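Let's walk through a fold together, one question at a time. Have the coordinates open and check each answer as you go.

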Amino acid sequence: MERDLSREEFQRYHDLIYKIAGIHYPAEKLELLSNRIKKRLRATGTPTYDSYLARLQQPTEAAETQAFLDSITTNETYFFRCQRHWDFFRQAVEQRQADPARRKEPLRLWSAAASTGAEAFTMLIVLQQALGAAFASTPIEVLGTDLSTQVLEEAKRGAYRAYALAQTAPELVKKYFTKNDKDEFVFDRTLARLVTFQRHNLMEPLPGNRRFDFVFLRNVMIYFDGPSRERVLKNAFDVLLPGGHLVVGESESLLSVKHGFQYVKPSVFVKPTGAPAAPKPSRT
Ligand SMILES: C[S@@+](CC[C@H](N)C(=O)[O-])C[C@H]1O[C@@H](n2cnc3c(N)ncnc32)[C@H](O)[C@@H]1O
């Protein structure tokens, strides 16, 4: 298929992507979406946009639907993205450590649009800096989730091109990474075991009873419209412990969206301590 999607085809794909992932492709991204779908048409030998769309709607095509989702998501990430967020995180953990009542509690963190894992692994580096010797004795659990299984496979491998480390101090690169024979930087395997990576669609409540002290939900809401943002924020709110913090991307405003968080500082929100720890899941 050489040509781009027609307006009508674009709308049909838009609606499917929105229904599954909450992602809103604006009309000006028609060419980008066309190019991404063309790759799947070539890979699967499907002749037309409509026949591929019909395929995606069949329950037997779960694997191709996942490959499609992998291809239409934008997965850019790197270590120490937005230093301001990491300064906040480090200070918040240091304050917690200064409180004898809280210092022994486990630290539970969620990288909620984890991509290839740079955010989850940055959490560990900063935790080690903030906790010092107490790092080894503090129970730490990090969950990294994403809609794309392709990026999660890369996250599990934990090997990065130099680009992903451009914002990382050289002494930290030296301390936490080793170079492999493909010229990739492999994140410390022992530390990496503290992170569990699993597929999760942010449009759904997180399954299980996990609760978190920090949720990083960065650089994913830019792809959502108002109703999708509300949905993902509600899902994040429900799994945060009262007093737990939410960190969003620098360009992601919560201003026009309904949510239960209190503003702390740009990009940082807290779940009020009076809020119930685990409200019943929303029916909407
Ligand atoms: C641009 S990356 C952000 C990575 C990281 N949080 C950061 O700030 O560097 C956005 C990620 O969100 C994921 N994503 C998009 N829609 C999603 C959804 N509905 N549920 C879960 N993840 C989603 C994409 O697959 C992609 O890996």
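Predicted model: local features only at pLDDT ≥ 70, side-chain atom pairs only at ≥ 80, totals over all residues.

Q: How far apart are the C-alpha centres of domain 1 and domain 2?
A: The protein is divided into domain 1 (7-72) and domain 2 (83-270), with bounds that come from an automatic or database domain assignment. Their C-alpha centres are separated by 29 Å.

Q: Which element gives the most to the side of domain 1 that touches domain 2?
A: Two residues are in contact if their C-beta atoms, placed from the backbone, lie within 7 Å. The contact takes 13 residues from domain 2 and seven residues from domain 1. On the domain 1 side, the most, three residues, come from H4; helices (H or I, at least four residues) and strands (E, at least two) are DSSP runs, numbered from the N terminus.

Q: Which residues does Leu 217 touch, not counting residues up to four places away in sequence?
A: Leaving out residues up to four places away in sequence, its contacts are Ala 112, Ala 113, Val 232, Ala 236, Leu 246 and Val 248.

Q: At what angle do helix H2 and helix H4 pack?
A: H2 spans residues 30-44 and H4 residues 62-72. Axes are lines fitted to C-alpha atoms, for helices over the stretch in contact, and angles run from 0 to 180 degrees between N-to-C directions. The two axes lie 9 Å apart, at an angle of about 145 degrees.

Q: Is Ser 115 buried or exposed?
A: Ser 115 sits in the loop between strand S1 (107-111) and H6, and has a positive phi of about 50 degrees although it is not a glycine. A residue is buried if 20 or more other C-beta atoms lie within 10 Å of its own, exposed if 12 or fewer, and partly exposed in between, with C-beta atoms placed from the backbone. Because Ser 115 has 25 other C-beta atoms within 10 Å, it is buried.

Q: Why does Phe 80 count as partly exposed?
A: Phe 80 lies in the loop between H4 and helix H5 (83-97), with a positive phi of about 55 degrees although it is not a glycine. Phe 80 counts as partly exposed because its C-beta neighbours inside 10 Å number 19.

Q: How far apart in space are Lys 271 and Leu 246, C-alpha to C-alpha?
A: Lys 271 is in the segment after strand S10 (268-270), and it counts as buried, with 25 C-beta neighbours inside 10 Å. Lys 271 and Leu 246 are 25 residues apart in sequence, yet their C-alpha separation in space is 7.8 Å.

Key. Residues numbered from 1 in each chain as written.
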